[in-house]
Amino acid sequence: MTKRIDFKPGKNHPGSWHNDRMPQRLKNIPLLKPFYPVVALVLGSFRDLLPIIVVIGFFQLAVLKQPLPDLYGLLTGVALVTLGLTLFVQGLEMGLFPIGESMARGFARKGNLFWLLAFGFALGFGTTIAEPALIAVAGEAAKVAATGGMITDTPVERSSYAWGLRLTVGLSVGAAIALGVLRIIRGWPIQHLILAGYLGVILMTFFAPPEIIGIAYDSGGVTTSTITVPLVTALGVGLASSIRGRNPVTDGFGLIAFASLTPMIFVMAYGMIRTL
Amino acid sequence: MNWLEHFFSDLGTTLRDVLPIAAVLVFFQLFVLRRRVANLPRLLTGFGFVIIGMALFLQGLEQALFPLGKLMAQQLTDPGFLFAGAAPASTHWSDYYWIYVFGFAIGFATTVAEPALIAVARKANQVSGGAIGVLGLRYAVAMGVAVGISLGCFRIITGTPLQWYIIAGYVVVLLQTLTAPKMIVALAYDSGGVTTSTVTVPLVTALGLGLASTVPGRSPVMDGFGLIAFASLFPIMSVLGYAQLAEWWINRKSVKAQENENAL
């Protein structure tokens, strides 16, 4: 295949480090100087968690008027969450972002559209099919379908329904990422595709069995996991910054939007087909 | 030892989540791109950090915040709390005011802590050269989720059809798209999908199911869904709105500066 992607050589976006998470006041304490990165990251993570702690504490103590149970477990739990978030953010800049961008540049340099679309599809399909949140939602959907009389209420029928649903969502997310990649390369404006997607959702809503609609609408939100999102975002931004004429901000984002829109359409279609 | 057991089970979950991703990356890197990866040890350390970080994060949430938050959702929707005793035969939607407040607060707080949103906000900040603020974007998204969850609770309590809200939301999003600054549009659409993952989904699901099983005339199977859909739609509006406001503010300032100059 000939070169079909106009590769633009240049530098990667440098990852911003811990500086933006460090309060200015603490930068002035000399004793803390060697520990800047660690202190900054931990503080940043704790700041991110503070709202949840405040909300849960307020409702427990002031609204429900109950004591905090197991204070020790609570404090160690918060410490673990803070530590976990700190490591995750650090790993993001070291691992997920660089590999996403370097592969995007690799594909752009290679210039082979087929392999790039295949990569997008595989990434979308592979990450979604094993997603724990999706497995839970598919199980719920099978329960609803059995209660609503759409399928016979046997374990075999239920698990076949749930598996079919997972496969459907996996294929739709794969197709969505591939389409999103094609959009970045061609430079199509995102709103036209989103408008088409919204029309698809509305159209399907009128024909799908009413029991499936709630689950279909929710399925859009649960497909994109915490590890998929940074990777897919880096892929989009990396592609947009390696192709001539594309802007990383206006063209690079949007892959996640497709990945959360198409499952809604496909789950409703699945509900229709299974009830025929 | 219970602690360690939990940690390894969470590590297993995270690994299962990462394995297909790693397989796809390795396959395409080795067989299609066929190039050496720059700085491989650093990359692998990063992946290790992500996996261990997620496992610790999940472990801590399950140990401290999820049980309390889920119990809270149950207690707040309990007729014993809301009506100081048995539920009256008919309830008015405004009787559930604590639910709306809780939905708003928990929607905002869980979104601010969502790791996927942190990732997208950092990337947006990097590529926009600092024009898009990390915290500004995250708070805008969190406001959208907060309003969405509150309205979603109202929908479950009143039992109105989900699709009318969603379709009306789509119309608003499309109208905003026509007038919003071009730079933000794709990012705003993305922010709908990233808000609902690790932290938000379990707590919000517990709230929806608790509400649908205690409000008279609702069933958890039929009415318990839809909160996630609200939480993924409303951030699109709030991020677009945030950008529109920012643009309006800057225009106003430059108009004023112009006027001042003319006056001199």
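Okay, let's start with charge: in chain B, the mean position of the 15 positive charges and that of the 12 negative ones lie 12 Å apart. For that count, Lys and Arg are positive, Asp and Glu are negative, and His and the chain ends are left out. Each charge is placed at NZ of Lys, CZ of Arg, CG of Asp or CD of Glu.

A word on what you're looking at. This is a predicted model, where local features need pLDDT of at least 70, side-chain atom pairs count only at pLDDT 80 or more, and totals for chains, interfaces and linings use all residues. Residues are numbered from 1 along each chain as its sequence is written, chains are lettered from A and ligands numbered from 1 in the order in which they are written, and side-chain values use heavy atoms, with hydrogens and water left out.

Now the chains. Chain A has ten helices and zero strands, while chain B has eleven helices and, again, zero strands. Helices (H or I, at least four residues) and strands (E, at least two) are DSSP runs, numbered from the N terminus. The C-alpha atoms of chain B fill a box of roughly 75 × 65 × 30 Å along the principal axes.

Burial next. Of the 276 residues in chain A, 58% are buried; for the 264 residues of chain B, the share is 55%. Buried here is under 20% relative accessible area, exposed is over 50%, and partly exposed is in between, with a 1.4 Å probe and protein chains only. As for surface, chain A comes to about 11100 Å², 70% of it on carbon and sulfur atoms, and chain B exposes about 11300 Å², with 68% from those elements. Those areas are Shrake-Rupley values with a 1.4 Å probe, and for residues only the protein chains shown count as cover.

Within chain A, take contacts (heavy atoms within 4.5 Å) between residues at least 6 apart in sequence: 78% of them join residues at least 24 apart. For chain B, that figure is also 78%.

Together the two chains bury about 8700 Å², 77% of it on carbon and sulfur atoms. That's the accessible area (1.4 Å probe) that two parts lose on being put together, summed over both.

On to the salt bridges. Side chains of opposite charge can pair when their charged atoms come close. The rule wants a side-chain nitrogen of Lys or Arg within 4 Å of a carboxyl oxygen of Asp or Glu. Over all chains there are five, and three cross between chain A and chain B.

One of the crossing ones pairs Glu101(A) with Lys123(B), closest N and O atoms 2.5 Å apart. It runs from helix H3 (residues 71-110) of chain A to helix H5 (residues 115-127) of chain B, and both residues are buried. Another joins Arg138(B) to Asp48(A), at 2.8 Å.

Inside chain A, Glu157(A) bridges to Arg274(A), with 3.7 Å between the closest N and O atoms. Glu157(A) sits in helix H6 (residues 155-186) and Arg274(A) in helix H10 (residues 255-275), so this pair ties together parts 117 residues apart in sequence. Glu157(A) is partly exposed at 25% relative accessibility, and Arg274(A) is partly exposed at 25% too.

Last one: Asp153(A) and Arg158(A) meet at 3.1 Å, N to O, and Arg158(A) is partly exposed, at 29% relative accessible area.
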